[in-house]
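Student: I have a new structure to read. Can you show me how to go through its features?

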Amino acid sequence: MTEPQTQMNWEYGTLAAEVYELDKPVGRPFADVEYYTGLLADVRGPILEPATGTGRVLIPLLEAGHQVEGLDSSPQMLARCRQHCRDRGLDPVLREVDMTIYVRLAAYEAVIIPAGSIALLDGRKATLQALACFRDSLVPGGHLFVDIPVPRPAAAHEEMRYWPRGSYLWTLQTLHSEYDPVAGQTTRFLRYDKWQDGTLHTTELQMFRQQHWSSHEFEQLLAEAGFTGVCVTADYQGARASEPPDGVWTFHATTAQTR
């Protein structure tokens, strides 16, 4: 009997990427996909999606006729994105790079970050670095659309989740969760297991950190990074957020018309 393979990382590893696809498969309609497709309907120039992941949002935008480039720091997620694109006859520019360092000066009309991915950055400094990169990569008057999860206390206990497919079973458990009030961060230790016919095949431990921002705090970050015209919508509805939403804020901001 072979020993199960074990991995540990901060990024989305092999099992985390597999579970992400099982939970949020490319091609299935989700509220954020429909919302971002509507937001970008009038955008004619290039679009950048940092943290593009498996291409869940990027691919529908490409199929709608947009010019979209993606980047991600996880090679496993990008590999899946590339395969999905090949399967659909698409060949976008995809880069393995961190969003806090990537800049193409005045290259994009819009930058989008759905799914709260920017909250995975470690603290204020890293978030400001990313926002500065987005600002510099946008044309004058370019648009930034970014999702921020609404802060909420971590559950005392999170149920195990599972996904059966043929002879395989993937399971996901939160082993431990802790909140740092000074840093405004929650860190979860997530265990991904892949089973085949009842035998453990692979185990992966992910240290999943999420930065918490209030609406006011993130609006201040956008202003500090040089963005203007900030407005906020909630839970992928078109109206401005007038009260705390259930799940996510979407911030809309623009760069200055001249530099």
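Tutor: We start with a definition. A salt bridge is a side-chain nitrogen of Lys or Arg within 4 Å of a carboxyl oxygen of Asp or Glu. Keep in mind that this is a predicted model.

Student: How many salt bridges does that rule give here?

Tutor: The general idea comes first. Side chains of opposite charge can pair when their charged atoms come close. In this model the rule gives 14 salt bridges. One of them joins Glu18 and Arg80, with the closest N and O atoms 3.7 Å apart. Glu18 belongs to helix α1 and Arg80 to helix α4, so the pair ties together parts 62 residues apart in sequence.

Student: Are Glu18 and Arg80 buried or partly exposed?

Tutor: Look at relative accessibility. Buried means under 20%, and exposed means over 50%. Glu18 has 14%, so Glu18 counts as buried. Arg80 has 26%, so Arg80 counts as partly exposed.

Student: Which residue meets Asp32 in a salt bridge?

Tutor: Arg56 does, at 2.7 Å from N to O. Asp32 sits in helix α2 and Arg56 in the loop between β2 and α3, so the pair ties together parts 24 residues apart in sequence. Both Asp32 and Arg56 are buried.

Student: Now helices. What span should helix α4 have?

Tutor: Helix α4 covers residues 75-87, which makes 13 residues. At 1.5 Å a residue, the helix should span 18 Å. Its end C-alpha atoms are 18 Å apart, which agrees.

Student: Which residues of α4 are buried?

Tutor: Here is the general idea. An α-helix has 3.6 residues a turn, so residues three or four places apart point the same way. In α4 the buried residues are Met77, Leu78, Cys81, His84 and Cys85. They cover an arc of only 120° around the axis, which puts them on the same side of α4. The face turned away from that buried side carries the exposed residues Arg86 and Asp87.

Student: What do the buried residues of α4 pack against?

Tutor: They pack against α1, α3, β3 and β4. Just after α4, Gly89 takes a positive phi of about 75°.

Note on methods. Residues are numbered from 1 along each chain as its sequence is written. This is a predicted model: local features need pLDDT of at least 70, side-chain atom pairs count only at pLDDT 80 or more; totals for chains, interfaces and linings use all residues. Side-chain values use heavy atoms; hydrogens and water are left out. Helices (H or I, at least four residues) and strands (E, at least two) are DSSP runs, numbered from the N terminus. The expected span of a helix is 1.5 Å times one less than its number of residues. Buried means under 20% relative accessible area, exposed over 50%, partly exposed in between (1.4 Å probe, protein chains only). The arc is that of the directions from the helix axis to the C-beta atoms. Contact means heavy atoms within 4.5 Å.
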